[in-house]
Amino acid sequence: MEPEDEQSNSMMEEIYSNGGEESARTRPIISGEQLDVEAYASLYQGRTKITRLMFIADHCDIVSMQLEALRMAYDEIKKGENTQLFREVVKKIDGRLGPNYAMDEAWCDSVDRRAEQRKEKLENELNAYRTNLIKESIRMGYNDFGDFYYAHGALGDAFKSYVRTRDYCTTSKHIIHMCMSAILVSIEMGQFTHVTSYVSKAEQTPEALEPVTIAKLRCAAGLAHLEARKYKLAARKFLEVGPDLGNSYNEVIAAQDVATYGGLCALASFDRAELKSKVIDNVNFRNFLELVPEVRELINDFYSSRYASCLDYLGNLKANLLLDIHLHDHVETLYDQIRNKALIQYTHPFVSVDLHMMANAFKTSVAGIEKELEALITDNQIQARIDSHNKILYARHADQRNATFQRVLQTGSEFDQDVRVMLLRANLLKHEYNVRAARKL
């Protein structure tokens, strides 16, 4: 390799060492172990805990993990009142966990019977409130209906009930409460356009927003942008989440998820300067990264051009990320974008790069790295050409001398034109040659 300037020497040494022998620096051991389902589930509560466990059971190839997830989902559902979800879990278990995790018709009948009684009581109360025309009571009545439907898995009805409280909100706090309830149900339903809409509505009443509520809204907006594959916007929202979040929003997202989602989206979409200023030097986000050391280390490795180590972390995280209910659809895309950025960043400081050395650094074959570089060159992301015989990548840097001459000529031409215009105007004024617009009759 031939560095363009002396500043690239240290980076080149780091890249060389990264591609060869393992660096002697101390770093945490990469965890490539099987997901601890119990520890993972303990980060969440409510319906999202159940849906995440069922998602793991549906997408995991390891039978023991499937059964563990289904067992925990069964126990969690039994604490609530959602008989529909209970029947789904029992069907998935299919008798594989023994008689203690079989269909419990008596429990279902009891819950459904209580639900009918509760619904009738709520309807009577709401009718009475409407008769009395007390706005606050009507609002609370619809809110109770929303809670009832949400607990029993009728998410569409829950959403409608929460939204109906809007007409009876009398304070800013009531509006915030309505928005947060609508956002929660919308996330569960996967209706992220509603999420964006109600986040915007909530942010229009800043005087009633507490720091923890702002943090929740940032998380919800981040999830909506992630779902829309707007990774840069998603990264910005997750990076803006304040430390007040804690475990207060674990019915939707855990603090560890903020670090993982925000970190990966930032790696895929931020340039080097943004990664430094908005992620690595971000004190608030650093607290989230401490909860997920692997993500913290891979971000630092990427920024420091330790690509082999960075890709090791990504490889070991991938299996568990594919079991994440929000991230699984985006893992391949994010990984491809991160790898492409690493390839671009690797080649940027040099006039020429040995493909054997580069392949070693990225843990792939020379043919594989050549194919990846061809795609990036074709896509105009790398300005270079490949010597396939000698396996060397040559950068195509712009001719600075020629470009400078062209700019000078352009500037001279523009100056000449401006001078001519000024001289013409001066001569017109000197000879008092003024053309006045004809007065309209």
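Which residue lies over the face of Phe270, and at what distance from the ring centre? In this predicted model, that residue is Lys278, at 5.6 Å from the ring centre. Lys201 lies over the face of another ring, that of Tyr198, at 5.2 Å from its centre.

Phe192, Val195, Tyr198, Val199 and Ala202 are buried in helix 10. Viewed down the axis, the buried residues fall within an arc of 115°, so they line one face of the helix. Their cover includes helix 8 (155-164), helix 9 (172-189) and helix 11 (211-227).

Now the rings. A pair of aromatic rings is described by the distance of the centres and the angle of the planes. The structure holds 11 aromatic pairs. In one of them, Phe159 and Tyr198 have ring centres 6.0 Å apart and planes at 85°, so the pair is edge-to-face. Phe159 sits in helix 8 and Tyr198 in helix 10, 39 residues apart, and the pair links these distant parts of the chain. Buried means under 20% relative accessible area. Phe159 has 13%, so it counts as buried. Tyr198 has 6% and is buried too.

Phe238 and Tyr261 also form an edge-to-face pair, with 5.7 Å between centres and 65° between planes. Phe238 lies in helix 12 (residues 231-239) and Tyr261 in helix 13 (residues 255-269), so the pair ties together parts 23 residues apart in sequence. Both Phe238 and Tyr261 are buried.

Elsewhere, ring pairs link Tyr74, Phe86, Tyr101 and Trp107 into a cluster.

Conventions
Residues are numbered from 1 along each chain as its sequence is written. This is a predicted model: local features need pLDDT of at least 70, side-chain atom pairs count only at pLDDT 80 or more; totals for chains, interfaces and linings use all residues. Side-chain values use heavy atoms; hydrogens and water are left out. Buried means under 20% relative accessible area, exposed over 50%, partly exposed in between (1.4 Å probe, protein chains only). Helices (H or I, at least four residues) and strands (E, at least two) are DSSP runs, numbered from the N terminus. The arc is that of the directions from the helix axis to the C-beta atoms. Contact means heavy atoms within 4.5 Å. Rings of Phe, Tyr and Trp (its six-membered ring) pair if their centres lie within 6.5 Å; planes under 30 degrees apart count as stacked, over 60 as edge-to-face and the rest as tilted. A charge sits over a ring if NZ of Lys or CZ of Arg is within 6 Å of the ring centre and within 35 degrees of the ring normal.
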